[in-house]
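Visitor: Hi! Could you walk me through this structure?
Guide: Happy to, here it comes.

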Amino acid sequence: MRHTKYLLFILAATLLSAAAYADDVTFHASAPAQVVVGTPFQLSYTVNQRGKDFRAPEIDGFDVLAGPYTSQSSSTQFINGKRTSSFQLTYTYTLMAQREGSFTIPPASITVGHESYNSNGLKITVLPPDEQPQTGGNTSQQAGQASARQGNPSQPTGSDKDIFVRTLVSKTKVYEQECIVLSYKLYTLVDVAQLTNNTKIPEFSGFVKQELDLGQVQTNLEHYDGRNYQTAVIYQTLLYPQHSGDIKIEPAAFEAIVRVRNRSQVRSIFDDFFDTYSNVSRQLGAPGVTVHVSALPSGRPAGFSGGVGQLKLNSSISQTELQTNEAVTLKIDISGTGNLKMLKTPQVEWPEGFEAYDPKVQNNFKTSAGGMSGSKSIEYLAIPRASGTYTIPSVQYSYFDPQSGTYKSLSTPEYTLTIAKGEGAAETVVQNYVDKENIKQLGQDIRHIYTGELEEAQPDKVKFGTLAFWLCYLIPLLIALTCFIILRKYFKDNADLSRSRYRKAGKVAQKRLKTARAMLAKNDRAQFYEEIERAVLTYLSDRLSIPTAELNKDNIDQLLRSRKVDERNIQQLHDLLSRTEFARYAPAQSDHDMQDVYNETADILSNLNI
Amino acid sequence: MKRLITNILTLVLCLTAFAQTPFERANEQYTQGNYDEAVELYIAQLSDTTVTLSDRSKAYVLYNLGDAYFRQNELAKSILSYERALRLAPDFDLARQNLEFAQSRIVDNIEDKSNFFLRQWINNFRHLLTTGTWMWLSIALFVLALTTLLVFFFAPSDIARKLGFHTAWVALLLSVVTLAFAARSHSEQTDRSQAIVTQGIVNVKSSPDRSGTDLFVIHEGTKVQITDRVGEWLEIHVGDNIGWLRADYVEVI
């Protein structure tokens, strides 16, 4: 059986690697990880020292067809005079699975010297048998087809079910920047001699790709589509979608060299014993796939790092109490899985007075089939130039978690630094030249709502256009009119009185003069002068519209001058008034002719043109 | 017993309602970003018949309502609220600013024909004070004019008479101007001829008829002047364009 050959090869390889262990006792169990129901396989326990009392575990779910067989091998080597020897004792069972499923074979034990050792346990997956068991007839039919095509060796041999490549994508619905694993897996029922370099891997446009180093190709047995295939991952890469939408991955192409058994037309008796094989090239196509990439949801937090995955943030500070001009280092570690290469370096807002240097970034990323994991550590170095207590604000860092479909925020704690004055060196003044500028308009938005108190309406308020409103004009107008009428009447009455007095002034003066004349005849000096004075003053009072009591020489002069009375007449009036005054208060000395005074008064009163 | 409990519950509810007016609760919701609730509460405050708010307070509520609508991206409703707030308080600067900001977001760019700078200045000046203030100012100036007129008539000295005369005519003139301002503001407030388009896109027809020719298209938030009404249809002026549209596509300010 072809399978068995393969298995034996694997077994041998495992045994050899087990033998490479040093003198310590190793007790190792080995069996293929996948077996098929009804197909015998070998379970072997290997110990590298001479042991006894081997106790096999209870093997459930498998029929023990044969065993245990023991086999020993020992070898001694001299390399450059150094002797190395190895010993191997193997217990082998031949088992056959009864039913499909997953089975565990518990550890076996063995005693070496006086100590008991346990082997490792094994996990064996039992696959269902092929749906169409390869009966002899079937095989010969396929072989016949193969031989029929022999004339054209470039023609692929066997059907597409024998050997093909599948495209496996870990997810087909992802967010932008979320990692997916794409693998090309070879499924084969035939022997593959090698895969040539003649492969065509698509360009993966729309993705950032990171190829995974597969190392030694691991083969497995896998039940697929009713058949048990030998499988191997032949190409694996991590893909990070760079934009949203449906991104198509083009089909890939591989070339495999397949060993095909020859059947010569002429049958010889050796044919059944010595098959000959020829290598045939097979073109294998892997189908393309479409990945649905959805954009990251809206509402990105302010400090969004561009990270998609699961991240953790750690920070530490070298010291919190230091002196001026002494360096302080803040270290931020971002670790986790996701598109770590795309992560932005967080910004640390150093307080004023700190001289900050460019951060030192160290990436330690590992890529595996699980995605990219690792850490990014950033060291921020700053030197305080001024003493005091300062706070380094918390650094906000957020990423998108595709598992929960939300943005998550991380933050470092705040650090408070106490800076003492450094010895010796004078405190350097850190000068900060700030360019003056107007208030920068960052964005426009509506003004915020009004949050004050509301007040109730005053019910009796005068409203525009109402009667009350017009009354506000009408009432003052009426008041003003009334005032106008009253005032006018008052002023008019006043004016009438003074006018009548003005008109009668001459007559009144003449009357007084008549009385004076009578006094003159009686030669009553005192009475005469009094009458004369009163005649003049009453006349002036009536004509100038001011009360007699308020008359004196000064205001008489002023008023007369303002009425453009001749200066000579004013002087005359003055003389007359002072003479009568003098005569009244010093009657004895007055020798003036009363007749002259009388004539003069009459003259003045007629000449005074007011 | 049941009734008693219900009564107590109602009382408690009333008390809590008194403790915080719908307006205050709305402001709280707004600050927390719950704009739907805020809008509902502002509307509840406006339609609350138990409290008669002063015009200015109503303008405040409308202004906040406009803000909440704006946050909900209801541009037309927000413009409508700001316009209504300005109707009640023409000197409400914040509402005017927000209105202008909201108007900058609408699609239609209508050339305002009244954009002559002098007119603009006068309007801006008029909007510095409310109708009531202009009204009282006019009355005060009228009284001043009357008083100084009396001084002019009856003052004994020439200077007082001259001063009285000039003050009187200046005051009378200003009184008339302020009265005109008050009248203009008042008519603006009671004007029902302007409306805001609430529909996203409206085809304006040539006649008040569904089958009329489409003349032009206006968008949400545009202010139109209503000039005529035929049944369900309104004749509107937008800039230089005249046409008919259905009344339920617009809301009168």
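**Helix H8 of chain B**

Guide: In H8(B), the buried residues are Thr131(B), Trp134(B), Met135(B), Ser138(B), Ile139(B), Leu141(B), Phe142(B), Ala145(B), Leu146(B), Thr148(B) and Leu149(B). Buried means that 20 or more other C-beta atoms, placed from the backbone, lie within 10 Å of a residue's own. The model is predicted, with local features needing pLDDT of at least 70 and side-chain atom pairs pLDDT 80 or more, while totals for chains, interfaces and linings use all residues. Residues are numbered from 1 along each chain as written, with chains lettered from A and ligands numbered from 1 in the order written.

Visitor: What do the buried residues of H8(B) pack against?
Guide: They pack against helix H3 (467-522) of chain A together with helix H9 (158-190) of chain B. Contact means C-beta atoms within 7 Å, and helices are DSSP runs (H or I) of at least four residues, strands (E) of at least two, numbered from the N terminus.

Visitor: New topic: in what order do the 3 strands of the open sheet in chain A come?
Guide: The order is E23-E31-E28, with mixed pairing; strands pair if DSSP finds at least two bridges between them.

Visitor: Which strands stand at the edges?
Guide: E23 (321-323) and E28 (388-392) of chain A do, each with a single partner strand, so one side of each has no neighbour in the sheet.

Visitor: And how do E28(A) and E31(A) pair?
Guide: They are antiparallel over 5 bridges, E31 being residues 415-420. Tyr390(A) stands opposite Leu417(A) in E31(A).

Visitor: How many helices and strands does chain A have?
Guide: Chain A has 7 helices and 31 strands, and 23% of its 610 residues are buried.

Note on methods. A residue is buried if 20 or more other C-beta atoms lie within 10 Å of its own, exposed if 12 or fewer, and partly exposed in between; C-beta atoms are placed from the backbone. Two residues are in contact if their C-beta atoms, placed from the backbone, lie within 7 Å.
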